[in-house]
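Q: I've got a fold open in the viewer and I'd like to learn how to read it. Could you take me through it feature by feature?

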Amino acid sequence: QVQLVESGGGLVQPGGSLRLSCVASRDVFSFNDMGWYRQAPGKQRESVASISRAGSTYYVDSVKGRFTISRDNAKNTLYLQMNSLKPEDTAAYYCNTLPSSGFWGQGTQVTVSS
């Protein structure tokens, strides 16, 4: 059974930090590159960061230098450390394989506001 469970979101002031976590089922996590995606109200879902099974990373320009993606293969867990958060980072954040599968978890809401 596919499992993607995101957590760690919340309300934070501009300039603040959050660390998102995603626990995935072993069969999903072990054999796939993984990514974090986000969807803001009224906008399409976009990929913001990805990491290969070997640990190579990629970031979209808007988060480069502020976000760090990592994975713990022993725990089947994906992380996203988000620093220097901006109001435009407000969105629901999801993890998924790269490219994304048709199954999505419930996501975790990140709201950046003063």
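This is a predicted model: local features need pLDDT of at least 70, side-chain atom pairs count only at pLDDT 80 or more; totals for chains, interfaces and linings use all residues.

Q: Which pattern does the protein chain follow along the sequence?

A: Going along the sequence, you read β-β-β-α-β-β-β-β-β-β-β. That is one helix and 10 strands. With a radius of gyration of 13 Å, close to the 13 Å that the globule rule gives for 114 residues, the protein chain is as compact as a globular protein of that length. Along the principal axes, its C-alpha atoms fill a box of roughly 40 × 25 × 20 Å.

Q: How do I read a sheet, and in what order do the six strands of the open sheet come?

A: The general idea: strands of a sheet pair through backbone hydrogen bonds, either parallel or antiparallel. In this case the order is β2-β10-β9-β4-β5-β6, and the pairing is mixed. β2 (10-12) and β6 are the edge strands, each pairing on one side only. On average, neighbouring strands are turned by 25° against each other, direction ignored.

Q: Let's zoom in on β4. In what sense does β4 pair with β5, and over how many bridges?

A: The pairing is antiparallel, over five bridges.

Q: What should I expect of nonpolar side chains, and which residues touch the most other members of the largest nonpolar core?

A: In soluble globular proteins, nonpolar side chains tend to be buried together. The largest nonpolar core here has 27 residues, and those touching the most other members are W36, I69, L78, L80, M82 and Y93. Several elements give two or more residues to this core, including α1 (26-29), β7 (67-72) and β8 (77-82). β3 gives the most, with four residues.

Q: Take M82: apart from neighbours within four places in sequence, what is M82 in contact with?

A: Its contacts are G16, S17, L18, L20, R66, F67, Y93 and V110. For the protein chain as a whole, take contacts between residues at least 6 apart in sequence: 54% of them join residues at least 24 apart.

Q: R66 turned up in that list. Is R66 buried or exposed?

A: Buried means under 20% relative accessible area. R66 has 10%, so it counts as buried. R66 is found in the loop between β6 (57-59) and β7. Leaving aside neighbours within four places in sequence, R66 is in contact with Q81, M82, N83, S84, L85, K86 and D89.

Q: And Q44: buried or exposed?

A: Exposed, because its relative accessibility is 73%. Q44 is found in the loop between β4 and β5. Beyond neighbours within four places in sequence, Q44 is in contact with R38 and Q39.

Conventions: Residues are numbered from 1 along each chain as its sequence is written. Side-chain values use heavy atoms; hydrogens and water are left out. A nonpolar core is a set of buried Ala, Val, Leu, Ile, Met, Phe, Trp, Tyr and Cys residues joined through side-chain atoms within 4.5 Å. Buried means under 20% relative accessible area, exposed over 50%, partly exposed in between (1.4 Å probe, protein chains only). Contact means heavy atoms within 4.5 Å. Two strands pair if DSSP finds at least two bridges between them. Axes are lines fitted to C-alpha atoms, for helices over the stretch in contact, and angles run from 0 to 180 degrees between N-to-C directions. The radius of gyration is taken over C-alpha atoms; the globule rule is 2.2 Å times the number of residues to the power 0.38.
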